[in-house]
Amino acid sequence: MGFNNLGIDALTARLATTPKPRALLGINLGKNKDTPNEAALDDYRIGLQKAWAHADYLAINISSPNTAGLRDLQHGAALRDLLAGIKAEQQRLADETARRVPVVVKIAPDLDDAALYATLDTIAEANMDGIIATNTTLDKSAVASHRYGGEQGGLSGAPLTAASTAIVKKIRAHLPQMALIAAGGVMRAADMQAKLDAGADLVQIYSGLIYRGPQLVRDCLRHLDQA
């Protein structure tokens with residue numbers, strides 16, 4: 001969960017000795033916390049290069065609230081320039097390896113409508129392959145009365161469900177043809193179905209696995225079989 005990890009070299013070394021899963025493997029890329037935003041593209045390029053051979057798709061994470069300043073990359077010229085560089089590197093790697101790996105962008109649930117639609121337009125103009133909606137939220141109102149409700153960091157799980165699904169619905173209405181992966185607050189099969197109904201093509205599960213374990217996946221698959 002999150003960006004606490006040993007880095008891209010440790011990840012790729014582990015993947016090199018692990019049998020390829022039958023499921024799609026997505027790799028989530030973010031800049032290092034001590035890399036200034038002006039140099040973020042360098043980190044993402046390195047991530048693309050090292051993860052390319054292992055991934056079925058790559059996620060450009062510009063929305064984690066736990067990396068200071070990272071969300072600033074979701075806006076304006078910073079986003080436009082970053083995505084242009086990423087697309088150029090994607091094309092270079094595809095030409096070099098004769099293998100194309102889709103690259104999607106992971107966005108935050110806390111964007112107001114004006115910022116959301118501006119971000120979506122920039123992603124579409126850059127011809128990115130898809131969007132993941134959403135990351136964790138900084139809105140702690142749902143847990144304000146809890147003992148640890150004021151802790152720093154993004155909030156995931158059930159308090160995120162409705163807000164994330166609402167963003168998915170807005171994205172689908174604004175970009176009908178964009179590949180859309182929903183994430184955020186899938187704690188039961190009904191949450192998954194709500195995201196599909198909102199327009200998602202795929203659904204990811206994170207916090208739900210902690211609270212429900214593999215049974216949640218079985219419940220979701222059973223629900224789809226019965227639908």
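**Entry 1: the β-α-β unit.** I looked up how strand S1 (residues 26-29), helix H2 (residues 40-51) and strand S2 (residues 57-61) are arranged, and they form a right-handed β-α-β unit. Right-handed means that, with the strands pointing away from the viewer, the path from the first strand over the helix to the second runs clockwise. Helices (H or I, at least four residues) and strands (E, at least two) are DSSP runs, numbered from the N terminus.

The model is a predicted one, in which local features need pLDDT of at least 70 and side-chain atom pairs pLDDT 80 or more, while totals for chains, interfaces and linings use all residues. Residues are numbered from 1 along each chain as its sequence is written, and side-chain values use heavy atoms, without hydrogens and water.

**Entry 2: the strands.** I found S1 and S2 paired in the parallel sense over four bridges; pairing requires at least two DSSP bridges between the strands. Ile-27 stands opposite Leu-58 of S2. Buried means under 20% relative accessible area, exposed over 50%, and partly exposed in between (1.4 Å probe, protein chains only).

**Entry 3: Thr-67.** I located Thr-67 in the loop between S2 and helix H3 (76-97). Thr-67 counts as buried because its relative accessibility is 8%. Leaving aside residues up to four places away in sequence, Thr-67 touches Phe-3, Lys-31 and Lys-33, where contact means heavy atoms within 4.5 Å.

**Entry 4: Leu-209.** I found Leu-209 in helix H7 (residues 207-212). Leu-209 counts as partly exposed because its relative accessibility is 38%.
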